[in-house]
Amino acid sequence: MDWKGQKLSEELMQILLLVFGGVAFITGYATSSFRTMMLIYAGAVLFTTMITVPNWPFFNRHPLKWLDPIQAEKYPKPELTNVISKKKKNKHY
Amino acid sequence: MHTFGYRANALLTFAVTALAFICAIASFSDKFSNQNPSAEIQILNINRFQKKSHGNDEVSLTLDIAADLQSLFTWNTKQVFVFIAAEYETPKNALNQVSLWDAIIPTKEHAKFRIQTSNKYRFIDQGHNLRGKDFNLTLHWHVMPKTGKMFADKIVMSGYSLPDAYR
(Lines give C-alpha, C1' and ligand atoms only; values in the text may rest on other atoms or scores of the structure.)
Protein backbone atom coordinates (compact mmCIF):
# COMPACT_ATOMS: atom_id res chain seq x y z
CA MET A 1 0.00 0.00 0.00
CA ASP A 2 1.13 3.57 -0.56
CA TRP A 3 0.94 6.33 2.08
CA LYS A 4 -2.43 7.67 0.99
CA GLY A 5 -3.77 4.13 0.83
CA GLN A 6 -2.67 3.44 4.38
CA LYS A 7 -4.38 6.59 5.61
CA LEU A 8 -7.53 5.62 3.72
CA SER A 9 -7.44 2.11 5.18
CA GLU A 10 -7.14 3.37 8.75
CA GLU A 11 -9.87 6.00 8.44
CA LEU A 12 -12.21 3.59 6.64
CA MET A 13 -11.70 1.00 9.38
CA GLN A 14 -12.51 3.43 12.19
CA ILE A 15 -15.56 4.92 10.50
CA LEU A 16 -17.00 1.56 9.45
CA LEU A 17 -16.65 0.08 12.94
CA LEU A 18 -18.16 3.11 14.69
CA VAL A 19 -21.08 3.43 12.30
CA PHE A 20 -21.86 -0.28 12.35
CA GLY A 21 -21.49 -0.24 16.13
CA GLY A 22 -24.14 2.46 16.34
CA VAL A 23 -26.41 0.59 13.92
CA ALA A 24 -25.98 -2.62 15.92
CA PHE A 25 -26.89 -0.90 19.20
CA ILE A 26 -29.94 0.88 17.80
CA THR A 27 -31.26 -2.26 16.10
CA GLY A 28 -30.69 -4.36 19.21
CA TYR A 29 -32.38 -1.80 21.45
CA ALA A 30 -35.35 -1.44 19.12
CA THR A 31 -35.91 -5.19 18.88
CA SER A 32 -35.07 -5.79 22.58
CA SER A 33 -32.65 -8.47 21.48
CA PHE A 34 -29.11 -8.51 22.80
CA ARG A 35 -28.34 -11.37 20.41
CA THR A 36 -29.25 -9.24 17.36
CA MET A 37 -26.85 -6.52 18.48
CA MET A 38 -23.99 -8.98 18.90
CA LEU A 39 -24.63 -10.69 15.57
CA ILE A 40 -24.78 -7.42 13.63
CA TYR A 41 -21.55 -6.25 15.27
CA ALA A 42 -19.76 -9.53 14.52
CA GLY A 43 -20.85 -9.25 10.88
CA ALA A 44 -19.59 -5.65 10.86
CA VAL A 45 -16.14 -6.67 12.13
CA LEU A 46 -15.84 -9.35 9.43
CA PHE A 47 -17.02 -6.95 6.71
CA THR A 48 -14.56 -4.26 7.80
CA THR A 49 -11.75 -6.79 7.86
CA MET A 50 -12.58 -7.84 4.29
CA ILE A 51 -12.47 -4.24 3.09
CA THR A 52 -9.58 -2.63 4.95
CA VAL A 53 -7.00 -5.32 5.74
CA PRO A 54 -6.07 -7.02 2.43
CA ASN A 55 -3.94 -5.07 -0.07
CA TRP A 56 -6.66 -4.12 -2.56
CA PRO A 57 -5.68 -2.22 -5.75
CA PHE A 58 -7.69 0.88 -4.79
CA PHE A 59 -5.25 1.43 -1.93
CA ASN A 60 -2.42 1.79 -4.44
CA ARG A 61 -3.71 4.68 -6.57
CA HIS A 62 -0.93 7.09 -5.51
CA PRO A 63 2.24 5.01 -5.87
CA LEU A 64 5.55 6.38 -4.58
CA LYS A 65 7.87 7.93 -7.15
CA TRP A 66 11.36 6.52 -6.73
CA LEU A 67 14.27 8.31 -8.47
CA ASP A 68 15.26 7.14 -11.99
CA PRO A 69 18.46 5.06 -12.05
CA ILE A 70 20.44 7.82 -13.96
CA GLN A 71 19.63 10.43 -11.26
CA ALA A 72 20.76 8.01 -8.55
CA GLU A 73 24.21 7.75 -10.13
CA LYS A 74 24.62 11.59 -10.10
CA TYR A 75 24.37 11.58 -6.30
CA PRO A 76 26.31 8.52 -5.13
CA LYS A 77 26.29 7.25 -1.55
CA PRO A 78 29.25 8.67 0.44
CA GLU A 79 32.03 6.14 1.35
CA LEU A 80 33.29 5.51 4.92
CA THR A 81 36.82 7.04 5.60
CA ASN A 82 39.35 5.57 8.16
CA VAL A 83 38.26 7.46 11.29
CA ILE A 84 38.70 4.36 13.51
CA SER A 85 42.55 4.17 13.29
CA LYS A 86 43.00 7.81 14.55
CA LYS A 87 41.05 7.03 17.74
CA LYS A 88 43.30 4.04 18.51
CA LYS A 89 46.49 6.23 18.28
CA ASN A 90 45.20 8.63 20.98
CA LYS A 91 45.07 5.84 23.54
CA HIS A 92 48.88 5.32 23.79
CA TYR A 93 49.94 7.78 26.61
CA MET B 1 -0.40 0.36 8.47
CA HIS B 2 2.21 -0.90 6.12
CA THR B 3 1.71 -4.65 6.52
CA PHE B 4 -1.22 -7.03 6.71
CA GLY B 5 -0.45 -7.95 10.32
CA TYR B 6 -0.22 -4.32 11.40
CA ARG B 7 -3.62 -3.46 9.93
CA ALA B 8 -5.23 -6.62 11.32
CA ASN B 9 -3.94 -5.80 14.80
CA ALA B 10 -5.17 -2.20 14.63
CA LEU B 11 -8.59 -3.36 13.47
CA LEU B 12 -8.97 -5.97 16.20
CA THR B 13 -7.95 -3.58 18.96
CA PHE B 14 -10.34 -0.90 17.75
CA ALA B 15 -13.15 -3.45 17.33
CA VAL B 16 -12.79 -4.70 20.91
CA THR B 17 -12.68 -1.13 22.28
CA ALA B 18 -15.82 -0.25 20.34
CA LEU B 19 -17.48 -3.42 21.64
CA ALA B 20 -16.69 -2.38 25.22
CA PHE B 21 -18.26 1.01 24.50
CA ILE B 22 -21.39 -0.62 23.04
CA CYS B 23 -21.77 -2.84 26.12
CA ALA B 24 -21.41 0.20 28.39
CA ILE B 25 -24.22 2.08 26.67
CA ALA B 26 -26.34 -1.08 26.59
CA SER B 27 -25.94 -1.27 30.37
CA PHE B 28 -26.70 2.44 30.71
CA SER B 29 -29.92 2.01 28.73
CA ASP B 30 -31.27 -0.05 31.64
CA LYS B 31 -31.79 3.17 33.59
CA PHE B 32 -34.69 4.09 31.32
CA SER B 33 -36.83 1.06 32.07
CA ASN B 34 -39.94 1.39 34.29
CA GLN B 35 -39.85 -1.11 37.09
CA ASN B 36 -42.85 -1.90 39.27
CA PRO B 37 -42.49 -5.32 40.86
CA SER B 38 -45.03 -6.58 43.36
CA ALA B 39 -45.15 -9.45 45.82
CA GLU B 40 -47.25 -10.92 48.60
CA ILE B 41 -46.30 -13.55 51.14
CA GLN B 42 -48.60 -15.44 53.45
CA ILE B 43 -47.64 -17.86 56.18
CA LEU B 44 -49.90 -20.84 55.71
CA ASN B 45 -48.74 -22.85 58.68
CA ILE B 46 -46.13 -23.00 61.39
CA ASN B 47 -45.12 -26.63 61.14
CA ARG B 48 -42.64 -26.80 64.02
CA PHE B 49 -41.41 -24.37 66.65
CA GLN B 50 -38.93 -25.88 69.10
CA LYS B 51 -35.91 -25.13 71.20
CA LYS B 52 -33.29 -27.50 69.87
CA SER B 53 -30.58 -29.38 71.75
CA HIS B 54 -28.03 -26.67 70.89
CA GLY B 55 -30.17 -24.21 72.87
CA ASN B 56 -31.39 -22.23 69.84
CA ASP B 57 -34.93 -21.85 68.55
CA GLU B 58 -35.85 -23.40 65.24
CA VAL B 59 -38.98 -22.71 63.18
CA SER B 60 -40.37 -24.57 60.20
CA LEU B 61 -42.96 -22.68 58.14
CA THR B 62 -45.05 -23.19 55.04
CA LEU B 63 -45.15 -20.05 52.89
CA ASP B 64 -47.47 -18.97 50.08
CA ILE B 65 -45.43 -16.70 47.80
CA ALA B 66 -47.08 -14.70 45.01
CA ALA B 67 -44.91 -12.33 42.95
CA ASP B 68 -44.90 -10.43 39.67
CA LEU B 69 -41.32 -9.49 38.78
CA GLN B 70 -41.82 -9.30 35.02
CA SER B 71 -41.12 -5.56 34.80
CA LEU B 72 -37.58 -6.14 36.11
CA PHE B 73 -36.56 -7.91 32.88
CA THR B 74 -34.99 -5.72 30.18
CA TRP B 75 -33.20 -6.67 26.92
CA ASN B 76 -29.98 -6.69 28.93
CA THR B 77 -31.13 -9.07 31.69
CA LYS B 78 -29.64 -12.52 32.00
CA GLN B 79 -31.51 -13.70 35.09
CA VAL B 80 -33.04 -12.47 38.34
CA PHE B 81 -32.04 -13.98 41.67
CA VAL B 82 -34.75 -13.64 44.32
CA PHE B 83 -34.72 -14.60 47.99
CA ILE B 84 -36.89 -14.14 51.09
CA ALA B 85 -35.38 -13.11 54.41
CA ALA B 86 -37.02 -13.01 57.82
CA GLU B 87 -35.92 -9.90 59.72
CA TYR B 88 -36.35 -9.30 63.44
CA GLU B 89 -34.73 -7.74 66.49
CA THR B 90 -33.35 -9.49 69.58
CA PRO B 91 -31.68 -8.19 72.75
CA LYS B 92 -28.38 -9.58 71.48
CA ASN B 93 -28.55 -8.28 67.86
CA ALA B 94 -30.18 -5.11 66.54
CA LEU B 95 -31.02 -6.83 63.27
CA ASN B 96 -31.24 -10.51 62.43
CA GLN B 97 -31.74 -11.58 58.81
CA VAL B 98 -32.38 -15.24 58.09
CA SER B 99 -32.71 -16.41 54.49
CA LEU B 100 -35.67 -18.76 54.14
CA TRP B 101 -36.01 -19.40 50.41
CA ASP B 102 -34.40 -18.43 47.11
CA ALA B 103 -34.80 -19.05 43.40
CA ILE B 104 -33.30 -18.13 40.06
CA ILE B 105 -35.72 -16.71 37.49
CA PRO B 106 -34.21 -17.29 34.04
CA THR B 107 -36.74 -15.55 31.77
CA LYS B 108 -39.56 -13.02 31.86
CA GLU B 109 -42.20 -15.73 31.47
CA HIS B 110 -41.11 -17.38 34.73
CA ALA B 111 -41.21 -14.09 36.64
CA LYS B 112 -44.91 -14.09 37.49
CA PHE B 113 -45.53 -16.98 39.83
CA ARG B 114 -47.31 -18.27 42.89
CA ILE B 115 -45.94 -21.17 44.89
CA GLN B 116 -46.53 -22.84 48.20
CA THR B 117 -43.44 -24.23 49.83
CA SER B 118 -41.86 -24.91 53.18
CA ASN B 119 -38.77 -22.88 53.94
CA LYS B 120 -35.81 -24.06 51.88
CA TYR B 121 -33.26 -23.07 54.51
CA ARG B 122 -33.57 -23.54 58.24
CA PHE B 123 -34.88 -20.70 60.35
CA ILE B 124 -32.65 -20.94 63.42
CA ASP B 125 -32.16 -18.11 65.89
CA GLN B 126 -28.99 -17.19 67.75
CA GLY B 127 -30.50 -17.92 71.11
CA HIS B 128 -34.06 -18.60 72.18
CA ASN B 129 -35.81 -15.29 71.56
CA LEU B 130 -38.44 -16.26 69.03
CA ARG B 131 -41.49 -16.86 71.20
CA GLY B 132 -44.12 -14.26 70.34
CA LYS B 133 -41.62 -12.49 68.08
CA ASP B 134 -42.86 -10.02 65.43
CA PHE B 135 -40.86 -10.17 62.22
CA ASN B 136 -40.76 -8.79 58.64
CA LEU B 137 -40.55 -10.94 55.56
CA THR B 138 -38.49 -9.14 52.94
CA LEU B 139 -38.36 -10.20 49.29
CA HIS B 140 -34.94 -9.25 47.90
CA TRP B 141 -33.99 -9.48 44.23
CA HIS B 142 -30.75 -9.12 42.27
CA VAL B 143 -31.11 -8.32 38.56
CA MET B 144 -28.08 -9.83 36.81
CA PRO B 145 -27.36 -8.17 33.46
CA LYS B 146 -25.81 -9.62 30.34
CA THR B 147 -23.28 -6.76 30.52
CA GLY B 148 -22.84 -4.07 33.14
CA LYS B 149 -23.86 -3.36 36.71
CA MET B 150 -26.03 -5.63 38.82
CA PHE B 151 -28.92 -3.96 40.63
CA ALA B 152 -30.54 -5.12 43.85
CA ASP B 153 -33.69 -3.97 45.60
CA LYS B 154 -36.35 -5.29 47.97
CA ILE B 155 -39.95 -5.17 49.19
CA VAL B 156 -40.47 -5.23 52.97
CA MET B 157 -43.63 -6.87 54.26
CA SER B 158 -44.31 -6.55 57.95
CA GLY B 159 -46.87 -7.84 60.37
CA TYR B 160 -45.88 -11.48 60.74
CA SER B 161 -45.40 -13.03 64.16
CA LEU B 162 -44.55 -16.31 65.80
CA PRO B 163 -46.70 -17.98 68.44
CA ASP B 164 -46.05 -17.41 72.14
CA ALA B 165 -45.36 -21.05 73.00
CA TYR B 166 -43.36 -23.86 71.45
CA ARG B 167 -45.26 -26.50 69.48
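User: How many residues does the contact take from chain A and from chain B?
Analyst: Residues are numbered from 1 along each chain as its sequence is written, and chains are lettered from A in the order in which they are written. As this is a predicted model, local features need pLDDT of at least 70 and side-chain atom pairs count only at pLDDT 80 or more. With contact taken as heavy atoms within 4.5 Å, the count is 25 residues from chain A and 21 residues from chain B.

User: Which three residues supply 31% of the area that chain A buries against chain B?
Analyst: Buried area is the accessible area (1.4 Å probe) that two parts lose on being put together, summed over both, and between chain A and chain B this comes to about 2,000 Å², with 82% given by carbon and sulfur atoms. On the side of chain A, the three that supply more than any other three residues are Phe34(A), Tyr41(A) and Val53(A).

User: How many salt bridges are counted between chain A and chain B?
Analyst: A salt bridge requires a side-chain nitrogen of Lys or Arg within 4 Å of a carboxyl oxygen of Asp or Glu. By that rule, the count between chain A and chain B is zero.

User: What area is buried between domain 1 of chain B and domain 2 of chain B?
Analyst: The domain bounds, which come from an automatic or database domain assignment, divide chain B into domain 1 (1–32) and domain 2 (33–161). Their centres, taken over C-alpha atoms, are separated by 41 Å, and seven residues of domain 1 are in contact with eight residues of domain 2. Carbon and sulfur atoms give 43% of the area buried between these domains, which is about 620 Å².

User: Which residues in domain 1 of chain B lose the most area to domain 2 of chain B?
Analyst: The side of domain 1 that touches domain 2 has three nonpolar, two polar and two charged residues. Together giving 63% of what that side buries, the residues are Ala26(B), Ser27(B) and Asp30(B).

User: How do the residues of the lining of the largest pocket divide, and what are the numbers of nonpolar, polar and charged?
Analyst: The lining includes Tyr29(A), Asp30(B), Trp75(B) and Lys146(B). Ala, Val, Leu, Ile, Met, Phe, Trp, Tyr, Cys and Pro count as nonpolar, Asp, Glu, Lys and Arg as charged, and the others, Gly among them, as polar. The division is four nonpolar, five polar and two charged.

Key: Side-chain values use heavy atoms; hydrogens and water are left out. On a 1 Å grid over the protein atoms alone, a cavity is a set of points where a 1.4 Å probe fits but cannot get out, and a pocket is an open set with protein on both sides within 12 Å along at least five of seven lines; lining residues have an atom within 4 Å of a point.
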